[in-house]
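Subject: The structure to look through

Hi there,

Here is the structure I promised to hand over. Please open it next to this email and follow along as you read.

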Amino acid sequence: MKKALTTIAFGLAAGVAFTGVAAAQETLQQIRDRGQLICGSNTGLSGFGVPDAQGNWTGFDVEYCRALAVAIFDDPNAVSFIPLSAKDRFTALQAGEVDVLFRNSTSTMSRDTSLGLDFPAINYYDGQGFMVNASLGVTSALELDGASVCVQQGTTTELNLADFFRRNNMDYEPVTFAQSVEAVEAYLSGRCDAFTTDASGLASERLRAPTPGDHVILPEIISKEPLGPVVRHGDNNWADIVRWLHYAMLEAEEYGVTSANAQELRDTSEAPGIRRLLGVEGNFGEMIGLDNNWSFNVISKIGNYGEVFDRNIGEGSPVGLSRGLNALYTDGGLQYGHPIR
Amino acid sequence: MTVMTPQRSFVRTASEEALPPPRTVAGPLAWVKENLFSGPINTAVTVLMAWFLFWIVPPILDYLFFSAVWTGQDGSACREDTTGREVGACWAFVIDRVNYFLYGSYPADLRWRPNLFFLVLAIGIVWMLWLDAPRRGLGAIYFFVVVPILSYWLLAGFPAIGLSNVPTGVWGGILVTIVVSAVGIVISLPVGVLLALGRRSHLPIVRLVCVIVIEFTRGVPLITVLFMANTMLPLFLAEGITVDRLVRPLIGVAFFASAYMAEVVRGGLQAIPKGQYEGAMSLGLSYPKMMYFIVLPQALRIVIPGIVNTFIGLFKDTTLVSIVGIFDLIRTVESARIDPLWSAPSVNYSGYAFAAIFYFFCCWGMSWYSQSVERRLAASEKR
């Protein structure tokens with residue numbers, strides 16, 4: 001029996017990995033030494049991070065992790081995903097278990113400051129919306145006076161809902177549920193007139209209805225949810241890499257550089273912006289500690305922002321979100337890639 | 001000389017065929033009357049239960065089999081507007097995702113390793129549980145020593161012999177459920193026995209330590225232990241030192257199960273008559289020998305149902321690790337059903353139905369085994 005216990009103790013000790021304590025400035029070096037990026041990902045959010053039939057993670061945020069791995073290693077598979085719940089995510093990042101979070105985290109002042117985190121970029125502008133039964137004939141959230149609304153309790157969603165109705169001097173009856181799934185089920189079974197959550201979630205929940213056409217998503221967005229990657233405060237170079245990765249993908253879309261034509265444009269294009277973006281001119285990669293081909297690799301292996309968006313959550317995917325606020329600034333959206341020069 | 005006289009008396013050579021008992025005393029009708037309608041209360045209960053079964057069984061069968069969808073490539077196969085009829089369970093979804101439910105994100109080309117692990121574990125379990133198996137002592141060594149080492153090498157990797165490392169972050173599904181319960185079971189039995197012995201020890205410090213460990217662990221809900229392990233622990237450790245995310249809840253679960261196991265075993269120890277201890281001591285046996293040869297074999301035999309009961313509880317409690325972000329079966333079901341490719345109304349319930357069936361058969365198997373062992377051990381008490 002003693003022998004058995006010793007064996008077990010050894011087995012456990014082997015599972016305890018001691019990674020060297022390193023200064024905060026060296027995230028990139030740690031990743032290089034380790035040979036792979038460790039990405040804190042979602043435990044499952046439609047279109048943003050879901051496992052496929054073989055358990056490979058796919059989705060919008062997941063592709064950003066892969067893009068980051070490409071920027072560092074030129075290999076979309078040099079990344080491992082640690083799915084984190086909403087409660088665990090920030091402690092896991094602070095404790096150094098993950099290098100970066102790509103998991104639909106809203107950038108807020110308190111998180112940015114008192115939690116010791118940084119939000120280098122916003123890759124998805126979300127906001128809270130409403131879904132109602134089409135038979136009600138409601139076309140605007142302002143017509144919801146007196147409605148009963150299914151909502152998940154204990155979330156900012158619940159708070160935003162109360163704020164919205166108070167601001168507009170309307171009455172409502174909140175019907176709260178511990179789980180988002182329960183709230184959806186209750187709404188679909190006719191327990192409430194409306195259901196509210198983030199707009200990106202509404203679209204995928206609508207697909208769960210027996211006949212999705214019976215439900216309409218109202219145009220009003222009642223809150224601001226800027227979602228983006230999160231890194232630890234204090235490693236500015238690492239934050240720069242994450243930020244410029246996003247900007248490079250936006251610049252690529254703006255200049256019309258796609259995964260299909262990146263190689264061709266690199267060889268032939270005379271446009272200075274494209275030449276700088278694809279690493280033909282300048283040494284922008286070296287400035288952030290990467291190879292000068294970093295953005296070319298990202299665009300040719302993963303794609304530009306628009307491609308990643310369409311493939312995972314855009315109108316070409318089952319989720320079918322429109323670009324909305326996430327259109328490029330040239331199309332009236334908020335996605336504005338800072339110039340690489 | 002005998003005079004042949006015509007036979008006057010009748011002597012029966014074969015017995016008359018026995019009449020069947022009255023139908024009210026034996027036979028199916030009597031059984032029904034005896035067991036189902038023996039009095040007004042029993043009759044009422046029978047009618048109520050029959051009505052209940054009639055009310056609940058056909059819809060369940062209909063949902064699980066008759067209106068279930070068995071084949072399909074995506075969620076549209078399980079939607080009413082494409083099938084044109086009411087859709088029950090969407091087994092097409094479960095079939096499509098069965099590899100994910102089994103192994104989680106474990107690399108597809110390395111899945112022979114979890115498969116081999118299941119086999120190694122199954123051999124160990126059968127060897128331990130089959131009471132007439134040959135060399136059961138060897139089986140115990142295999143189960144408590146060989147299986148843990150082999151499993152660790154197979155699942156986590158052992159680069160020296162060509163098994164590449166697989167981080168625990170990609171383990172998932174039934175694999176994780178089984179790993180967590182197996183670790184809990186393998187650790188909790190020996191540790192539980194030691195704690196139980198320690199609690200009954202005459203050495204005050206040993207006793208105090210054991211009492212504190214047992215009572216402290218039992219006094220805290222498992223979910224608290226798991227949250228402490230997965231959310232709080234990283235904050236206490238120095239930056240850069242991390243304990244594997246799967247090992248943390250494993251330790252928590254093992255601790256928890258050990259405390260409960262200790263109390264079960266203590267019950268067995270207390271049931272052994274004092275004469276057994278005194279007899280052993282009068283033979284001059286040392287304390288370890290007395291425990292090993294005389295007391296523990298009897299005590300453990302008494303508490304086998306209790307031990308199995310603890311195992312069943314532990315097996316089901318492992319679903320709690322899903323709350324702290326470990327991808328056990330429940331968590332994989334929950335993340336798979338979110339996939340927009342499979343968005344159909346019945347997909348949610350199909351995943352959970354699959355998990356329910358898995359847990360039911362595992363727990364039912366354990367309880368069936370415990371009952372058969374109980375019957376066997378009770379043989380000495382029967383007249």
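Before we start, one definition: two residues are in contact if their C-beta atoms, placed from the backbone, lie within 7 Å. Please also keep in mind that this is a predicted model.

**Two helices in chain A**

Which residues of H3(A) meet H13(A)? On the H3(A) side they are Ala67(A), Val70(A) and Ala71(A), and their partners in H13(A) are Trp294(A), Asn297(A), Val298(A) and Lys301(A). Sorted by class, this contact of H3(A) with H13(A) holds five nonpolar residues, one polar and one charged.

Now for the geometry. Two packed helices are described by the angle between their axes and the distance between the axes. H3 of chain A covers residues 60–73 and H13 of chain A covers residues 294–301; their axes come within 8 Å and cross at roughly 140°. Angles over 145 degrees would count as roughly antiparallel and 65 to 115 as roughly perpendicular, so H3(A) is oblique to H13(A). The crossing of H3(A) and H13(A) is right-handed.

**Two helices in chain B**

Next, find H8 (residues 173–199) and H11 (residues 247–271) in chain B, which pack at an angle of about 45° with their axes 6 Å apart. That angle makes H8(B) oblique to H11(B), and the crossing of these two helices is right-handed.

By class, the contact of H8(B) with H11(B) has 17 nonpolar, four polar and two charged residues.

**Where the chains touch**

How many residues does each chain give to the contact between A and B? Chain A gives 50 and chain B gives 49. On the chain A side, helix H1 (2–15), strand S2 (50–51), strand S4 (79–84) and helix H4 (89–94) each supply at least two residues. H1(A) gives the most, with nine residues. This side of chain A has 27 nonpolar, 18 polar and five charged residues.

**Domains of chain B**

Finally, chain B is divided into domain 1 (32–66) and domain 2 (100–374). The C-alpha centres of these two domains of chain B lie 38 Å apart.

Enjoy exploring, and write back with any questions!

Best wishes

Technical notes. Residues are numbered from 1 along each chain as its sequence is written. Chains are lettered from A and ligands numbered from 1 in the order in which they are written. This is a predicted model: local features need pLDDT of at least 70, side-chain atom pairs count only at pLDDT 80 or more; totals for chains, interfaces and linings use all residues. Helices (H or I, at least four residues) and strands (E, at least two) are DSSP runs, numbered from the N terminus. Ala, Val, Leu, Ile, Met, Phe, Trp, Tyr, Cys and Pro count as nonpolar, Asp, Glu, Lys and Arg as charged, and the others, Gly among them, as polar. Domain bounds come from an automatic or database domain assignment. Axes are lines fitted to C-alpha atoms, for helices over the stretch in contact, and angles run from 0 to 180 degrees between N-to-C directions. Angles under 35 degrees count as roughly parallel, over 145 as roughly antiparallel, 65 to 115 as roughly perpendicular and the rest as oblique. A crossing is left-handed if the near helix is turned anticlockwise from the far one by less than a right angle, and right-handed if clockwise.
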